[in-house]
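Student: Could you walk me through this structure, one question at a time?
Tutor: Gladly; let us look at it together.

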Amino acid sequence: MTVFFPLDTARLRLQVDEKRKSKTTHMVLMEIIKEEGLLAPYRGWFPVISSLCCSNFVYFYAFNSLKAVWVKGQHSTTGKDLVVGFVAGVVNVLLTTPLWVVNTRLKLQGAKFRNEDIVPTNYKGILDAFHQIMRDEGVMALWNGTLPSLLLVFNPAIQFMFYEGLKRQLLKRRVQLSSLDVFVIGAIAKAIATTVTYPMQMVQSILRFGRHRLNPENRTLGSLRNVLYLLHQRVRRFGVMGLYKGLEAKLLQTVLTAALMFLVYEKLTAATFTVMGLKSGRRC
């Protein structure tokens, strides 16, 4: 996450600032550095990393707890893993959305927006951001963007499905996958999942930021009406491609991250079983 953090910064700027021209990721980052300083692409790094740690802990704790209760020593299947993963994702969203709302705002604080309608924030840190949001917008504002976040729970499921499918196809023709094989199928799986769900990720970012003018008939952030309103507004102003503004940066960041994560996962798994096998052999 740290290595590819600037890419995520570029993606977020393009998503929430509709008046910023959709340029290449490299050009967007150069503009940010020129206008805001060399460290600007890393603004909000600590809140994001903190939220990521908490989110991963909640997800995997919920996943393994639910799986232990449901499977109960029986053989687990891909279908069961997907269902448990979906439920764990829902639990994760409901518990950690406030953290992501806060870190989204901290990450964008001090940014030079092209859109004059965006109201700037002035938070002194994570705790102060929580305090100001609850004081000025109400407690429920901490759950802005919950609906699109719940829909995005399908993203890992789509990624996992394509990853396992591609993996099975390759294993039919070879005994073991190489590091390159794992990297490529991980990248392809994540690219598909990201592209399919990207419009909802854009809406999620806008709602979490919460500094835009929304449909005056319904101010409930995250409601289905406002999700549809934001999607409609983007299509009306910029066409269908407006829903994919910043996709390049998102693909670069998430695909590379996911591919490397799959690669490390496979290597650690193989190394763990190798060590266990060696220890078992010594005992015999």
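**Charges, rings and a helix**

Tutor: Lys 107 lies over the face of Phe 5, at 4.3 Å from the ring centre; a charge counts as over a ring if NZ of Lys or CZ of Arg is within 6 Å of the ring centre and within 35 degrees of the ring normal. This is a predicted model, in which local features need pLDDT of at least 70 and side-chain atom pairs count only at pLDDT 80 or more, while totals for chains, interfaces and linings use all residues. Residues are numbered from 1 along each chain as its sequence is written, and side-chain values use heavy atoms, with hydrogens and water left out.

Student: Over the ring of which residue does the charged end of Lys 245 sit?
Tutor: Here the charged end is 5.9 Å from the centre of a ring. That ring belongs to Phe 238.

Student: How far apart are the end C-alpha atoms of helix H9?
Tutor: Helices are DSSP runs of H or I with at least four residues, numbered from the N terminus. The expected span is 1.5 Å times one less than the number of residues. H9 has 15 residues, 224-238, so it should span 21 Å, and the distance between its end C-alpha atoms agrees: 21 Å.

Student: Within what arc do the buried residues of H9 fall?
Tutor: Buried means under 20% relative accessible area, exposed over 50% and partly exposed in between, with a 1.4 Å probe and protein chains only. The buried residues of H9 are Asn 226, Val 227, Leu 230, Leu 231, Gln 233 and Arg 234. The arc is taken from the directions from the helix axis to the C-beta atoms. Seen down that axis, the buried residues of H9 line one face of the helix, because they fall within an arc of 160°.

Student: Which helices are included in what covers the buried residues of H9?
Tutor: On the other side of H9, Leu 224 and Arg 236 are exposed. The cover over the buried residues includes helix H1 (5-16), helix H6 (146-151) and helix H8 (179-209).

Student: How many aromatic pairs does the structure hold?
Tutor: Rings of Phe, Tyr and Trp (its six-membered ring) pair if their centres lie within 6.5 Å; planes under 30 degrees apart count as stacked, over 60 as edge-to-face and the rest as tilted. By that rule, the number of aromatic pairs is 7.

Student: How many residues apart in sequence are the parts tied together by Tyr 198 and Tyr 244?
Tutor: The ring centres of Tyr 198 and Tyr 244 are 6.2 Å apart with planes at 15°, so this pair is stacked. Tyr 198 lies in helix H8 and Tyr 244 in the loop between H9 and helix H10 (247-283), so the parts tied together are apart in sequence by 46 residues.

Student: Which residue's side chain does Arg 114 join through a polar contact of 2.9 Å?
Tutor: Arg 114 lies in the loop between helix H4 (78-108) and helix H5 (126-137). A polar contact is a pair of N or O atoms within 3.5 Å; within protein, one must be able to donate a hydrogen and the other to accept it, and residues adjacent in sequence count only if both atoms are side-chain atoms. The side chain joined to Arg 114 at 2.9 Å is that of Glu 35.

Technical notes
Helices (H or I, at least four residues) and strands (E, at least two) are DSSP runs, numbered from the N terminus. Contact means heavy atoms within 4.5 Å.
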